[in-house]
Amino acid sequence: MSRAVLVDLLHRCCASCTGASLLEDSVSDSQVFVLCGNTYREKNGFVDTFLSSCKSVHILDSSSTVESLYRFKQTLDQLDLSSITVLTTAQGKEVLAHYQNLLFTALYDFQYKQRPVDETCPSCRASTDSVSPGEEVCEEVSTFMQQLPALKGELTVLKSALIPDCFGHGFSTRTGGVSYISTLSSLNLFSSCRRRDPVAVVMENRRRLALHAGFHPQPMHLVKVNHANDVWVLGKAEPESYDAMVTNQTGLVLAAPGADCMPLLFADPVAKVIGVAHAGWRGTIMGVAMATVNAMVTEFACQVSNIVVAVGPSVGPCCYTMERDQALDFMSIHPDCVPDPESARPHVDIRLANRVLLQKGGVLPEHIHDNTMTHWSCVTPCTSCHPENYFSHVRDGLNFGTQVGFLWIKQTNE
């Protein structure tokens with residue numbers, strides 16, 4: 001299997017000493033990356049004979065370590081490589097591990113091979129000897145991310161006419177972020193161990209969304225999805241996983257993810273209470289939407305008739321199909337949820353299912369903003385049908401990006 005070798009010449013390493021380790025490792029079939037900084041090339045010229053036997057050599061000589069390592073990751077992604085051997089010292093490993101946690105995910109397999117520092121070698125003694133604290137690395141990475149250009153156009157959000165101005169809210173789209181991997185580009189808002197978008201990129205995307213939407217520097221609390229109907233009431237002990245949150249606290253930004261599944265926003269302008277929920281097909285069947293409404297009623301004495309609900313971008317019945325036995329569950333909610341029940345793989349309208357369940361629970365029909373409310377600006381487009389604006393699991397497969405619906409109660413000075 002092809003692999004990458006990262007040669008660290010920044011942290012008490014030199015080309016001649018590390019070259020011996022490369023020869024011992026037999027890297028002729030590997031992609032070799034030399035992390036050296038922007039002054040090393042001038043002093044050493046890179047004429048070391050150990051590089052001539054390598055399949056391919058990439059010189060990482062940017063002005064900062066974070067920029068060099070970001071270039072390294074971009075090349076790995078272009079080459080579809082995820083196995084990396086790092087030749088460094090103990091001090092180098094300590095520094096590089098901070099960058100790894102921010103710039104890579106668990107999808108990348110890092111194997112560190114440490115060599116002792118040769119105190120008799122003048123070049124090793126002269127190499128960078130300081131170990132950057134984690135806080136300094138975080139600040140360096142954050143500053144670098146903020147300088148990256150936005151991709152795929154300007155950042156935009158959808159807003160529902162149902163949610164009054166005493167709340168801040170919106171549904172994100174996929175434009176205006178810094179994620180460069182095709183199916184995650186560009187405003188991906190979730191980092192997963194199974195995908196290539198790292199924490200630093202996602203946090204920068206969230207920062208840009210917060211600035212655009214008006215809740216920076218408040219953090220965004222994202223539901224920990226378990227595809228069920230558990231609701232966390234903020235202020236109580238946080239469960240390990242849940243699909244909905246409710247609160248009456250001002251300044252707390254609640255968010256629910258979606259990439260075909262629905263981000264749902266709930267607001268009671270009378271009691272000043274909010275909720276968000278993630279509703280996929282499992283959560284819909286298990287009643288997560290009404291579980292959120294019921295939590296608002298039980299915990300904060302909301303009246304169901306005062307609650308408004310906005311349904312965000314999600315997959316429509318035009319693009320979403322299920323196995324027939326699963327589709328039967330939606331037919332039991334309402335026959336119109338499955339327009340072609342005799343098909344081998346019927347189409348399913350999970351949006352309609354949530355509307356029916358909410359209305360049965362007492363939410364007024366005119367208080368639900370979804371794709372049926374055509375007299376308002378659309379906040380519920382089909383994610384699969386619009387690749388230029390939305391992420392979609394159905395369309396893009398497992399390496400899909402994530403948009404969110406977000407909501408907060410404004411403070412009086414807002």
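Buried here means under 20% relative accessible area. Keep that cut-off in mind for these close-ups, which all come from a predicted model.

**View 1. W232 and Y242 make a tilted ring pair.** W232, at 11% relative accessible area, falls on the buried side of the cut-off. W232 belongs to strand 9 (residues 231-233), while Y242 is in the loop that runs between strand 9 and strand 10 (244-247), so the contact ties together parts 10 residues apart in sequence.

**View 2. Y70 meets Y180 edge-to-face.** A search of the whole structure turns up 11 aromatic pairs. For Y70 and Y180, the centres are 5.9 Å apart with the planes at 90°, so this pair counts as edge-to-face. Y70 comes from helix 3 (residues 65-79) and Y180 from the loop between strand 7 (167-172) and helix 7 (199-213), so parts 110 residues apart in sequence get tied together. Y70 is buried, with a relative accessible area of 5%, whereas Y180 is partly exposed at 24%.

**View 3. Ring pairs build a cluster.** Look for F33, F72, F104, Y108, F110 and Y112, which are linked into a cluster by ring pairs.

**View 4. R195 puts its charge over a ring.**

Conventions: Residues numbered from 1 in each chain as written. Predicted model: local features only at pLDDT ≥ 70, side-chain atom pairs only at ≥ 80, totals over all residues. Heavy atoms only, no water. Phe/Tyr/Trp six-rings, centres within 6.5 Å; stacked < 30°, edge-to-face > 60°. Helix = DSSP H or I, 4+ residues; strand = E, 2+ residues; numbered from the N terminus. Buried < 20%, exposed > 50% of the residue type's maximum accessible area, 1.4 Å probe, protein only. Lys NZ or Arg CZ within 6 Å of the ring centre and 35° of its normal.
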